[in-house]
Amino acid sequence: VSLDCVGAFPGNTVYLRIPTPSPGAGQSESVIFDGPSADRTGLVRHDGNLSLYRIDGLEPGGTYGVGRQVVVSTRPFRYQVDAGSLQPYDPEHPDLAPALVNDEWILPDSVSIVASRAIGRLQDDWSKGRAIYDYVISKLEWTDQPPTTRIPEYVTSGLADVQGYSFFFTSLARAAQIPARPVGGLIIDADGRSRTWWWAEIWIEGLGWVPVDPALG
């Protein structure tokens with residue numbers, strides 16, 4: 001993490017909170033290796049999945065950095081779900097309530113009719129989520145330059161980038177009353193190159209947040 005073109009009065013301090021991948025399905029606890037720190041940089045403490053760093057003595061126009069390596073072990077996983085035994089979720093739960101509404105990026109109200117058609121008569125969240133996933137990957141084709149980024153227009157254009165896949169899926173899931181949220185991060189290909197990536201998670205009572213990657217299909 002590099003800070004440059006600093007505008008500061010001499011002697012000022014900046015604090016940085018740098019996130020670490022959290023454990024979850026298919027992903028173990030992270031191991032952090034902090035690189036050598038400059039004289040003015042130091043680790044203050046770890047707060048859950050956030051590491052707090054302090055950089056002292058900022059000078060105007062200076063360049064400062066924090067270097068570290070994070071190792072995360074991953075493994076394949078498979079869910080075995082009996083849809084008939086799933087219990088309903090609590091829509092007032094503080095982790096779930098925000099994952100059911102419109103916001104700046106996710107617009108379930110704009111695709112409610114499309115979501116109804118996708119799920120048909122399905123009732124449980126697992127089956128509805130699967131149906132929406134199948135709908136999205138059958139409806140959209142990949143492009144790095146989509147003609148639109150408006151949620152309802154993905155239905156007619158049929159083209160989306162990775163963010164579009166994530167936001168469209170999440171909007172449909174929320175429209176079907178499934179708590180859903182987009183997730184951003186990095187993906188690394190077989191050649192070791194990384195790029196920004198988006199996927200989604202849906203809440204299944206008894207399982208928790210289940211990752212879904214419609215762009216990869």
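**The pocket**

How much space lies in the largest pocket? About 1400 Å³. Four elements each give at least two residues to the lining: helix H2 (125-139) and the strands E10 (180-188), E11 (194-204) and E12 (208-212). Which of them supplies the largest share? That is E10, with six residues.

**How confident is the prediction?**

Across the chain the average pLDDT is 89, and 99% of the residues reach at least 70. Helix H4 (residues 162-175) has the highest confidence, with a mean of 97, while strand E3 (residues 31-34) has the lowest, with a mean of 82.

| Residue | Relative accessible area | Class |
|---|---|---|
| Threonine 143 | 18% | buried |
| Glutamine 177 | 45% | partly exposed |
| Aspartate 191 | 59% | exposed |

Threonine 143 sits in the loop that runs between strand E8 (141-142) and helix H3 (154-157). Is threonine 143 buried or exposed? It counts as buried, because its relative accessibility of 18% falls under the 20% cut-off. Setting aside neighbours within four places in sequence, threonine 143 makes contact with Leu159, Ala160 and Asp161.

Glutamine 177 is found in the loop between H4 and E10. Its backbone is worth a look: glutamine 177 is not a glycine, yet it has a positive phi of about 65°. For context, most residues other than glycine have a negative phi. With a relative accessible area of 45%, glutamine 177 is partly exposed, because that value lies between the 20% and 50% limits.

Aspartate 191 belongs to the loop between E10 and E11, and both of these strands contribute to the lining of the largest pocket. Aspartate 191 is classed as exposed because its relative accessible area, 59%, is over 50%. Which side chain does aspartate 191 join through a polar contact? The partner is arginine 193, at a distance of 3.1 Å.

Methods
Residues are numbered from 1 along each chain as its sequence is written. This is a predicted model: local features need pLDDT of at least 70, side-chain atom pairs count only at pLDDT 80 or more; totals for chains, interfaces and linings use all residues. Side-chain values use heavy atoms; hydrogens and water are left out. On a 1 Å grid over the protein atoms alone, a cavity is a set of points where a 1.4 Å probe fits but cannot get out, and a pocket is an open set with protein on both sides within 12 Å along at least five of seven lines; lining residues have an atom within 4 Å of a point. Grid points are joined across faces, edges and corners, and a volume is the space filled by probe spheres set on the points. Buried means under 20% relative accessible area, exposed over 50%, partly exposed in between (1.4 Å probe, protein chains only). A polar contact is a pair of N or O atoms within 3.5 Å; within protein, one must be able to donate a hydrogen and the other to accept it, and residues adjacent in sequence count only if both atoms are side-chain atoms. pLDDT is the predictor's confidence in each residue, from 0 to 100. Contact means heavy atoms within 4.5 Å.
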